[in-house]
Amino acid sequence: MRLERADLLQIYYVMRLTRAMEDRTRMLFLQGKVVGGVYTAQGHEATTVGAAWTLADSDFIVPQHRDLGMHLTRGTSPRAVMCQWLARGNSPSLGFDGQLHIGDIHHGIVPSISMLGESLPVACGVALTMKMRKHSTIVMAPCGDGATSTGPFHEALNFASVQKLPIVFLIENNGYAYSTPTFQEFAIANLSERAVAYGILGESVDGNDLLKVIETVGRAVEQVRGGKGPALIECKTFRVRGHSEADKADYVPAALREEWLVKDPIPRFEDYLTREHILTPDIKAEIEEQVKAVVEDAVNFAEQSPAPDPSTVADYLFAPDGPVAIIGEPESHDPRYINALDRRTGKTFNSVTETGKPAFVATEEVGRR
Amino acid sequence: MSAVTYLEAIGQAIREEMLRDEAVFLLGEDVGTYGGAFKVSAGLLEEFGPERVIDTPMAEAAIIGSAVGAALMGMRPIAEMQFIDFITCGFDQIINMASKMYWRSGMPVPMVIRGPSGGGVKGGPFHSASPEAWFFHAPGIKVVVPSTAYDAKGLLKAAIRENNPVLYLEHKLLYRLPELREELPPEDYIVPIGKAILRRKGEDMTMLTYGAMVHQCLKAAHVLEQEHDVQVEVIDLRSLAPLDKETILESVKHTNKVLIVHEDTLTGGIGAELAAILAEDLFEYLDGPITRVAAPDVPFPYAPALEAAYLPNEEKILTAARKLAAY
């Protein structure tokens, strides 16, 4: 996959934005402003942003709780994310659910649940629709190493391989399922070896190396789009923080954490960009400024947003009657379709910004340097 | 036009909806080449091809989860459980994925999960389930249970056209019952979800029931009239979630006595909720104890003598009804 200079800067910007959003979320948690648990993915940024970068705009992702990088790459609004953490009434879930359990089917994002692994069969259904309806799109379905132990993981891989569904299954192996290390989770060296059992492409890659992730996942995306059935890519990374912010993760050997901190994907990519004279101190400063502004805007927006109206507690259980559009087909945005709008609010779905992907735009002056 | 069985009525509903709407498709174990374990979908593969009649691996989470994903995309999948007992293998997809999706995301999930439920065919503990109470308790999913060929077709069509997850429980004992054969209207029709139906009018007692027990209640009602001059009103609930409270309350208001009959086990069953509704809403109308006839609180047994002892039937209904009528 060819990456232009602007692409590389954009990727770097989203990686930084992802890290900054999570750092800020953690602060809000410590301030007691986040309502429930906080799950972050420091160290995953090359995997989540890099993998999502390989997709076309019309493709789908079925992200999980540590996939903020994927969300932001695909255009999920930082404001929507902060409204989720702060349980605001205008959050995409209207305050009924928290975390990153958000999505917008019109922008190819399927909301996840807390039972990890359960989204993979759902990804099969999205891909099955693409196959039935002869769409040229594909699905990227990430999960953690923990989820690979579940039945639905295997049911999904098996069904997808039998049906030759256009899915890239992406394992973000971050070393731990909560406190359980990988050697207590599975007895193989590389989780991509699971692919052999399903007769599909399997590859493992350094998940902290942005360029390697893009190269490997990009290859899988190409093959899957070619109709050859699903692929399974393992990105080996590390969960630098605890399972949630309530978890001190003192079960992680200090030396192991140190080893991975050295491999932090952001400085690694930054070194590359600097060596290639793509990232200059001025551009970096400008990116940091923009990251800060976007995060501040998201936090301010969320803090000023109203709490949900308690009188809505028993509302919105069932979708109304009416025609339902097939997503990705002509006129599927026509408001006459029940699923074209969020019928709970009567408005368009609000988890994705209207402008789509967040863009870092260097000023002309800086760009010329 | 010839009379069709309950099973044929289900097959007709699937076929006609697949012809009417290309978003409708069927997936499940052995539904294609084999035509389904009970032959509900016989001929559909030949007519619609393997992309719309999908033989799946033996994997209920994949079947139901795929249905959720396709429904999010705007398709109208019908996910078959070969026996409804196996629905437990896909429980999470229903409880945590499908039934909470619209509420928390605004994205509708128009899908049907259907399969053979109920006992009386020597199926034993793993092929005789009546799982309605688990799902009746879960917000966000509708539950329907047809007792006639007409309703089997009309309710399934309504379920397929519904924009929310629907659990459609067909009773395998009724599949080929000769006395349930009936001529169905040649024109398209649905039986709306949420509407009960009065199967028999009466003044002295209301029987609230559904599924195969409707027919046991009708037999018992006939005996009560012949032998005791007790006029029983039999209401076939058809839709358990949502319940047709209006029809239920109206009936009990004028009969003042109510007998609830279901094949599922007693504790925490549909009858428990019906009893609570009646006690709360019609306390002053009741002339006798709200009475339940249900299976005992044990797993479904295999041996014929045990199965017969387990299942509610005409005789058990009569015993309870006579006692209630005496108040």
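Author: This is a predicted model. In chain B, 24 residues of domain 1 are in contact with 23 residues of domain 2.

Reader: What makes two residues count as "in contact" here?

Author: Their C-beta atoms, placed from the backbone, must lie within 7 Å. On the side of domain 1 of chain B that touches domain 2, α5 (132-136), β5 (142-144) and α6 (149-161) each give two or more residues. By class, that side has twelve nonpolar, eight polar and four charged residues.

Reader: Where do the two domains of chain B run, and how far apart are their centres?

Author: The domain assignment gives 6-180 for domain 1 and 197-325 for domain 2. Their C-alpha centres lie 26 Å apart.

Reader: How many residues does each chain bring to the contact between chain A and chain B?

Author: Chain A brings 45 and chain B brings 34. On the chain A side, α5 (119-132) and α6 (151-163) each supply at least two residues. The largest share, nine residues, comes from α5(A). That side has 29 nonpolar, nine polar and seven charged residues.

Reader: How do you know that the span of helix α3 (residues 60-72) of chain B agrees with expectation?

Author: The helix has 13 residues, so at 1.5 Å a residue it should span 18 Å. The end C-alpha atoms of α3(B) are 18 Å apart, so the two agree.

Reader: Why is α3(B) called mostly covered?

Author: A residue is buried if 20 or more other C-beta atoms lie within 10 Å of its own. In α3(B), 13 of 13 residues are buried. Just after α3(B), Gly74(B) takes a positive phi of about 100°.

How values were computed
Residues numbered from 1 in each chain as written. Chains lettered and ligands numbered in written order. Predicted model: local features only at pLDDT ≥ 70, side-chain atom pairs only at ≥ 80, totals over all residues. Domains from an automatic or database assignment. Helix = DSSP H or I, 4+ residues; strand = E, 2+ residues; numbered from the N terminus. Nonpolar A, V, L, I, M, F, W, Y, C, P; charged D, E, K, R; others polar. Expected span 1.5 Å × (residues − 1). Buried ≥ 20, exposed ≤ 12 C-beta atoms within 10 Å, placed from the backbone.
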